[in-house]
Amino acid sequence: MVRMAGLRERKKEQTRQRIAAVAWQMFTERGFDAVSVNEIAEAAEVAKATLFAYFPSKESLALHGVGGDDLAGIVARRPAGQTFLEPLRAHHRALAAGEVPEGELEALLARVRVIQDSPTLQHAANAQLYHQREALAQVLADEYGPTAAALMAAQIAASLLTLQETYFRHLQSGASALEAHRALAQDVELAFDLLGHGLDQAEGR
């Protein structure tokens with residue numbers, strides 16, 4: 001029974017990945033707004049209802065695997081005695097160390113262009129970040145109070161968004177994956193130093 005359940009989960013994940021791959025090929029070729037859900041379902045050879053069982057909206061399909069870090073969960077699961085910034089810094093250090101293979105670089109840049117060219121997708125990405133920020137604030141509220149938690153979560157979310165935007169700008173300017181990740185690693189340290197010690201530290205640089 002356990003083996004059958006595992007097989008079903010693998011098949012479901014394969015279907016999810018196939019739908020996402022087909023959709024992104026179409027988004028890259030025609031743009032997000034020009035592609036309908038019906039067209040994606042037909043190209044992926046699934047029913048429209050099946051597609052919505054995996055992705056509740058076209059926007060969630062397009063943002064699958066993009067910026068979905070569980071910031072609140074990372075902080076909530078931290079060991080006792082650890083500050084809330086420590087696991088977030090460690091998580092983003094690991095992301096910076098995980099270089100994108102050169103063969104996948106063009107696909108990543110194509111995805112960035114699709115998102116940048118669609119106000120609908122940009123709005124959805126901003127909404128996703130807002131929900132992450134709110135969830136993080138809820139985790140911090142018990143310890144710091146709601147106002148301080150909201151302010152801290154907002155600063156963290158803004159810093160992480162800036163890291164992402166700067167990383168993509170490096171890639172779009174022609175930097176190699178290695179160069180972009182080296183720059184990202186430095187920027188992660190700068191961002192968390194500023195978050196941890198405040199803007200006064202920047203004046204001393």
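**Entry 1. Contacts across the chain**

Among contacts in the protein between residues at least 6 apart in sequence, what percentage join residues at least 24 apart? I found that 65% of them do, where a contact means heavy atoms within 4.5 Å.

**Entry 2. Basis of the entries**

I note that the model is predicted, that local features need pLDDT of at least 70 and side-chain atom pairs count only at pLDDT 80 or more, while totals for chains, interfaces and linings use all residues. Residues are numbered from 1 along each chain as its sequence is written, and side-chain values use heavy atoms, with hydrogens and water left out.

**Entry 3. The whole protein**

I looked up the secondary structure and found 11 helices and 0 strands. Helices (H or I, at least four residues) and strands (E, at least two) are DSSP runs, numbered from the N terminus. From the N terminus on, the elements run α-α-α-α-α-α-α-α-α-α-α.

I then turned to extent and surface. Along the principal axes, the C-alpha atoms fill a box of roughly 55 × 45 × 35 Å. The accessible surface comes to about 12,100 Å², and 54% of this belongs to carbon and sulfur atoms; the areas come from the Shrake-Rupley method with a 1.4 Å probe, and for residues only the protein chains shown count as cover. Of the 205 residues, 36% count as buried. Buried means under 20% relative accessible area, exposed over 50%, and partly exposed in between (1.4 Å probe, protein chains only).

**Entry 4. Helix H10**

I checked the length of H10, which holds the 21 residues 177-197. The expected span is 1.5 Å times one less than the number of residues. That gives 30 Å, and the end C-alpha atoms are 30 Å apart, which agrees.

Next I listed the buried residues of H10: Ala177, Ala180, His181, Ala183, Leu184, Val188, Ala191, Phe192 and Leu195. Seen down the helix axis, they fall within an arc of 165°, so they line one face of H10; the arc is that of the directions from the axis to the C-beta atoms. Arg182, Gln186 and His197, on the other side of H10, are exposed. Just after H10, Gly198 takes a positive phi of about 90°.

**Entry 5. His181**

Which residues does His181 touch, not counting residues up to four places away in sequence? I recorded Leu95, Ala96, Gly98, Glu99, Val100 and Tyr167. His181 lies in helix H10 and counts as buried because its relative accessibility is 7%.

**Entry 6. Residues 36-55**

I consulted the UniProt record, an unreviewed entry, which places the feature "DNA-binding region" at residues 36-55. UniProt positions are given in the numbering used here, feature names are shortened, and annotations may be inferred rather than shown by experiment. In the model, this span is 75% helix and 0% strand, and its end C-alpha atoms lie 14 Å apart.
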